[in-house]
Amino acid sequence: MAESQRVKSFMCIALFSICLLQCNPIAFAILDPVDFLALQSIRKSLNDMPGSNYFASWDFTSDPCNFAGVYCDSDKVIALNLGDPRAGAPGLTGRIDPAVGKLSALAELSVVPGRIFGALPQSISQLKSLRFLAVSRNFISGQIPAGLGQLRNLRTLDLSYNLFAGAIPTAIGTLPELSNVILCHNRLSGSVPPFASQTLTRLDLKHNDLSGSLAPNSLPPSLQYLSLSWNRLTGPVDGLLNRLGQLNYLDLSMNQFTGTIPGRVFTYPITNLQLQRNMFSGRVQPDGQVSISTIDLSYNRLSGEISPLFSTVQSLYLNNNRFTGQVPGSFVDRLLAANIQILYLQHNFLTGIQINPTAEIPVSSSLCLQYNCMVPPLQTPCPLKAGKQKTRPTAQCNEWRG
């Protein structure tokens, strides 16, 4: 019965198209009947949210290639952008119909932020020409279809800010053309798969529940943006970071990474380096003068003396570690010259800082020395979470020295 209805639909579409061509032979090309029916199914499963009129142009008595968000080449749909792309525009509600997999020439599929729910159709894996898939900021749940690993032309995969759960399919990491993978703010678990694409520049997996460790060769040196924060990842990353010399953004915060921080990473063209709240240990010695404007190494297990090479950092968070010795004089000079905006050194084992007690810290700068093995020479405002106790107990300082 279903097959009979499908045949009738094809016949109706064909007759309708012939009629249109007889009335206006140069009006438009005949859309492939399969694509026509697929668009009808997609339309039936989605609706405008209040305030949206995206579907107002979707009148199936006219040329579908003139519909909002539909782009055609000859008789095939090659791009489908569902929803009004203007910032702040209300999105769509409903489900993505599996018929989307019938658009065999589709190279681009995107959905604007809205209230689309349900699973991402497995049929998307049939779109062998797909290069761009972006379905972010909705309520899509279930697992990421493993079949996406069959899309060998895929370059951008953005499923961020949804409710996806389960593992990241290993097959996705094998895609040879990937350049952007954005899966942040979901409920993904399991390990981070290795990525083989030598053109991968952006990998954003923050705010998930990923665990396990990263092998030194698991990510390509082409990476420029790497964010893995707010997961449960473990193990050392020094071997991996030493290979990623093109990074301009790095956020590994809020994990359980261990081992040392390689000195080379401080010479990368990064503007904001976030490694806080891990279990990094050992000494930290940059390979050269640091030009990164913001560095956060707080809440780790780093030890040894603070390198003077960090004195060129504008906002430096070294608090809640195990640093010892004197604060380098170059820090004082730059702090008083208002070249350092934030210098948080609280909750360490530092023994002194060469600064005149009458010196005035510029109002644009913040210095915190609380809870070290010295009496702070200056009474400077500290963040509330630094606590009220000015000096670390002598017994702790003696034990650490011993």
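So, salt bridges: the count comes to five, where a salt bridge is a side-chain nitrogen of Lys or Arg within 4 Å of a carboxyl oxygen of Asp or Glu. Keep in mind this is a predicted model, where local features need pLDDT of at least 70 and side-chain atom pairs pLDDT 80 or more, while totals for chains, interfaces and linings use all residues. Residues are numbered from 1 along each chain as its sequence is written, and side-chain values use heavy atoms, leaving out hydrogens and water.

Okay, Asp32, Asp35 and Lys76 form a linked salt-bridge network. Asp32 meets Lys76 at 3.6 Å, N to O. Asp32 sits in the loop between helix H1 (2-23) and helix H2 (33-44), and Lys76 in strand S3 (residues 76-82), so this pair ties together parts 44 residues apart in sequence; helices, at least four residues of H or I, and strands, at least two of E, are DSSP runs numbered from the N terminus. Lys76 also pairs with Asp35, with the closest N and O atoms 3.3 Å apart. And how exposed or buried is Asp35? Buried, at 0% relative accessible area; the cut-offs are under 20% for buried, over 50% for exposed, and partly exposed in between (1.4 Å probe, protein chains only). Asp32 is buried too, at 17%, and Lys76 at 16%.

Then there's Arg86 with Asp84, at 2.6 Å, N to O. Here Arg86 is exposed at 59%, whereas Asp84 is buried at 16%.

Last bit, the domains. The assignment, automatic or from a database, gives domain 1 (33-300) and domain 2 (301-401). Between those two, the salt bridge count is zero.
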